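Hi,

Here is the structure I promised to pass on to you.

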Amino acid sequence: MNSNSGSLKTIYQIPGTRRGSLVDDDDLAVLKDVIYDDLALSAGPWRDRFEQQFRKHIGTRYAISVTSGTVALEIAIRLLDLKPGDEVVVTPQTFQASIQPLLDTPAVVKFCDIDPTTLNLDPVQLRALLTPRTRAVILVHYGGNPAAMQEICELAARYDAVVIEDCAHALGASYQGRRPGSLGDIGCFSFHSSKNITTLGEGGMITLNRSDWAARADRIRSNEVDRTPGPASTALGAPPDTLPWMKYADTIYHESHTTIMGAGTNATLSEVACAAGTVQLRKLPRLVRRRRQIAARLTDVLRGYPQIRLPRVAPGNEHAYHLFTFFVSDGAEARHALVTALDRRGVEVQLRYFPLHLTPEWQSRGHGPGECPESERLWFSEHMNIPCYPTLTDTQVSLLCSALQGSLNEVFGRRAVLSHS
């Protein structure tokens, strides 16, 4: 979302993120291999390879690919089997897909305010929201900066609540030497074209360690009924005129079920997408290194302006810099002036994300202003995002740094000279 939308540019020297990754000859080569192979283009060896490599990278027993990060979250929430009276605690500082599937459940949603130093869910605020009815906590590692997972997981464990990590920003980050997606109970990743790697526009992954959940997630994404298998039954007698290799021959025909939870869907990530994913995953260290290089240059420009505050990265953590964020401490007018000055200099500013408890769908569920005061204050008065992605050229990065410094000087005066001793 942009400020002063009535007078903004339409063409930018430094556009907001269109592609968060680099697609090059390596990707084209593997796509050619898939296309000219004789194998099926769905549910084949490339999917197995991508999932195996991904679970090894994250450090979980299972990685289940799906067609988008949104679908990953939808399936993760389905695994909770939410019932009337169940409660789910969520962050307001994220994209709508993180919690939108909850609109289709009977659960009571509670918004937990954010830590103003990280924009991540605040464990101090979480403590007051957890009850014996809490079934899950859904958090996001905002911008690629890992949330306070030890505190959050310890609090959730007191109530046997499931922790779902929205890791859409966090591929390439680390928390105390571990990967996001392995820290809670379920991790959900996005491979949208704007993310840190892409499976050619859309794609997602679910990471987890529980075998029963993995089996259910696999059935759901494979267009099978979401069910709990029961013992074999002979009540139906022999199957009608089927050959042994037909789908509904003997074994499945006689399978009974103790519980039917719902319908499955076709969320199979194509072989072409999975092949691209294997190449992209190999590039990830280089792509994240480039993001960190750009972030370091932007940080150097911002350092020295007392009106600017940078997010805190906890010791032992590594930021993936999916988003580059900072805060304008002088309030809404100064923030607006800075956005406008950057826009005039050809930098597209996208403020991410509008507090979800203030959106129409959640206001219709009884949420509204004052529920998460830190989230509201920061977004409406201080929050800034500027471009930071690996396909920016060196020339663009230099232009971005120059535009940022010029805009800061315009709004706040010449750069302050600080001692770095």
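Below is what turned up, starting with the whole chain and ending with a few single residues.

First, the ground rules. This is a predicted model, in which local features need pLDDT of at least 70 and side-chain atom pairs count only at pLDDT 80 or more, while totals for chains, interfaces and linings use all residues. Residues are numbered from 1 along each chain as its sequence is written, and side-chain values use heavy atoms, with hydrogens and water left out.

**The whole protein**

The protein has 12 helices and 14 strands; these are DSSP runs numbered from the N terminus, H or I of at least four residues for helices and E of at least two for strands. Of its 421 residues, 53% count as buried. Buried means under 20% relative accessible area, exposed means over 50%, and partly exposed is in between, using a 1.4 Å probe and protein chains only. Among contacts with a separation of 6 or more, 74% are between residues 24 or more positions apart, a contact being heavy atoms within 4.5 Å.

How many residues of β5 are buried? In this strand (residues 162-166) 5 of the 5 are, so β5 is largely enclosed by the rest of the structure. In a regular strand the side chains alternate between the two faces of the sheet. Here Val162, Ile164 and Asp166 point one way from β5, and Val163 and Glu165 point the other way.

Two strands pair if DSSP finds at least two bridges between them. β5 runs parallel to β4 (residues 134-140), joined by 5 bridges, and Val137 stands opposite Val163 in this pairing. β5 also pairs with β7 in the parallel sense, over 3 bridges; there Asp166 has Cys188 in β7 as its bridge partner.

Together β4, helix α5 (residues 149-158) and β5 make a right-handed β-α-β unit. Right-handed here means that, with the strands pointing away from the viewer, the path from the first strand over the helix to the second runs clockwise.

**Helix α3**

α3 is mostly covered, with 7 of its 10 residues buried: Gly69, Val71, Ala72, Leu73, Ile75, Ala76 and Ile77. These buried residues pack against several elements, including β1 (62-66), β4, β5 and β7.

**The largest pocket**

What lines the largest pocket? There are 27 lining residues, and Phe95, Gln96, Ala97, Lys195 and Tyr353 lie nearest its centre. The elements that give two or more residues to this lining are α3 (69-78) and β7 (186-190). The pocket holds about 510 Å³ of space.

For the terms: on a 1 Å grid over the protein atoms alone, a pocket is an open set of points where a 1.4 Å probe fits, with protein on both sides within 12 Å along at least five of seven lines, and lining residues have an atom within 4 Å of a point. Grid points are joined across faces, edges and corners, and the volume is the space filled by probe spheres set on the points.

By residue type, the lining divides into 12 nonpolar, 11 polar and 4 charged. Ala, Val, Leu, Ile, Met, Phe, Trp, Tyr, Cys and Pro count as nonpolar, Asp, Glu, Lys and Arg as charged, and the others, Gly among them, as polar.

**A second sheet**

β11, β13 and β14 form an open sheet in that order, with antiparallel pairing. Its edge strands, which pair on one side only, are β11 (308-309) and β14 (383-386). Between β13 (residues 324-328) and β14 there are 4 bridges, and Phe326 has Met384 as its partner in β14.

**Single residues to look at**

- Tyr353 sits in the loop between α9 (332-344) and α10 (360-363).
- Asp160 is in the loop between α5 and β5. Its phi is near 55 degrees, a positive value in a residue other than glycine. Is Asp160 buried or exposed? Asp160 counts as exposed, because its relative accessibility is 68%.
- Tyr321, in the loop between β12 (317-318) and β13, also has a positive phi, near 55 degrees. Tyr321 is buried, with a relative accessible area of 19%.
- Glu51 belongs to helix α2 (residues 45-58) and counts as buried at 7% relative accessibility. Leaving aside neighbours within four places in sequence, Glu51 is in contact with Ala63, Ile64, Ser65, Met205 and Arg221.

Best wishes
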